[in-house]
Amino acid sequence: MYLSVILSTYNQPEWLEKVIWGYAAQNHRDFELVIADDGSTGDTRDCIDQLRVDTGLAIRHVWHADHGFRKCTILNRAIVQANADYLVFSDGDCIPRFDFLATHARFARPGRFLSGGYFKLPLELSQLIARDDILAGQAANVAWLQARGLPWSLKKLKVSAGPRLARLLDHLTTTKATWNGHNSSGWKADILRVNGFDERMEWGGEDREMGERLMNIGIRGKRIRYRAICVHLDHPRGYVRQTALVRNRQIRSQTRQYRTAWTNFGIVRQQTPLPQHAV
C-alpha cells in the first residue's frame, strides 16, 4: 500500500533530522514524505536537501512564508500535493517506531480513520538519541531508554507492550479515537470531503476538530494508540496563545453542536496566495 506521510515542522531541523531517519528505518517502504513547513528558515531546507541524499527517501518540501502559526494552512497545501490515496499524519518532532507505517497500512479500511499514540521523552533523552540509535530501533526501546535515565512510568506500556498486549490495551482503553496531529491516518478522499483543516485555527485542538468533522460524515475512528507508536521529542511551545485557544474551543463547539462537516476556511477557499514553494 502506497502512503503519503505528511509531517508538520517549524524551525526544528535537529528534531526533523532524527524523525526522517526514523522513516528511513521503517519496514514498510512504499511511501513518500511530504514536509509541511510552516515558514522555517533555510536551515530546515538545507537539512531536508541533505537527507534526500543520505536516506534515499522520496521527500517533498512544501513551504510558505512565516506569518505566524499557520499549521492548518500548510497542512492543507501538503494534502493537495500528496500523491497517495491514503495519508498518514505526524509531526517533525515524533520519531516513528520501525513498524509505524506498516501498522497504519495494515489497519486502513474504508469508512475509517486511525488514531495512534505517542510516548513523550524528556529533553535530555531527546537530545541524546542519535541517528545510529534510531536506525537500531533504540528510540522506542524502553530498556535502552531507562538505562539512559528514563523515569519509570506506567505509560511505558505504549512502547514496551508486545503485539497481543497492545491489541488488548487498545480494546480496553477508555480514551476515544480522536484525530491526533502526531499520529493519525485516513483516506485523502474523505479529508477532501470535509475540506481539510480549518485555517482559522491555531494550536490547540485544531487536529481534533477536523476529526470531528470526519465523524460527522460517518467516518469512524479506530484506536491503534498502543500498536502504532512514535516517540515525542521534547521542546518549548512558544506558539501557544490564550486568545487562539478560546477561539478554537468556540469553533469546535459549533462543529459538535451543528454536526458540521464542511469548513468554509479549508482547502477550497477564495484567498490571496502567499509565497510558497514545493520541491
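Guide: Helices here are DSSP runs of H or I of at least four residues, numbered from the N terminus. In this predicted model, one such run is helix H11, which spans residues 206-216 and includes Arg213.

Visitor: Is Arg213 buried or exposed?

Guide: Arg213 is buried, since its relative accessible area is 1%, and the cut-off for buried is under 20%. A polar atom of the Arg213 side chain lies 2.7 Å from the backbone oxygen of Gly196.

Visitor: Leaving aside neighbours within four places in sequence, with which residues is Arg213 in contact?

Guide: On that basis, the contacts of Arg213 are Val194, Gly196, Phe197 and Asp198, together with Thr255, Thr260, Ala261, Trp262 and Thr263.

Visitor: How many disulfides does the count come to?

Guide: A disulfide is a covalent bond between the sulfur atoms of two cysteines. The rule applied here asks for sulfur atoms within 2.5 Å, and by this rule the count comes to 0. Cys47 is in no disulfide, the nearest cysteine sulfur being that of Cys94 at 16 Å, and Cys47 is buried with a relative accessible area of 12%. Cys230 is likewise in no disulfide, with the sulfur of Cys94 as its nearest cysteine sulfur, 4.2 Å away; Cys230 counts as buried at 1% relative accessibility.

Visitor: What is the mean pLDDT of the protein chain?

Guide: The mean is 93, and 95% of the residues reach 70 or more. Over residues 270-277, however, the pLDDT is below 50, although this stretch has 16 contacts in the model beyond near neighbours in sequence. Where pLDDT is low, the predicted coordinates should not be read in detail.

Methods
Residues numbered from 1 in each chain as written. Predicted model: local features only at pLDDT ≥ 70, side-chain atom pairs only at ≥ 80, totals over all residues. Heavy atoms only, no water. pLDDT = per-residue confidence, 0-100. Contact = heavy atoms within 4.5 Å. Helix = DSSP H or I, 4+ residues; strand = E, 2+ residues; numbered from the N terminus. Buried < 20%, exposed > 50% of the residue type's maximum accessible area, 1.4 Å probe, protein only. Polar contact = N/O pair within 3.5 Å; in protein donor to acceptor, adjacent residues only side chain to side chain.
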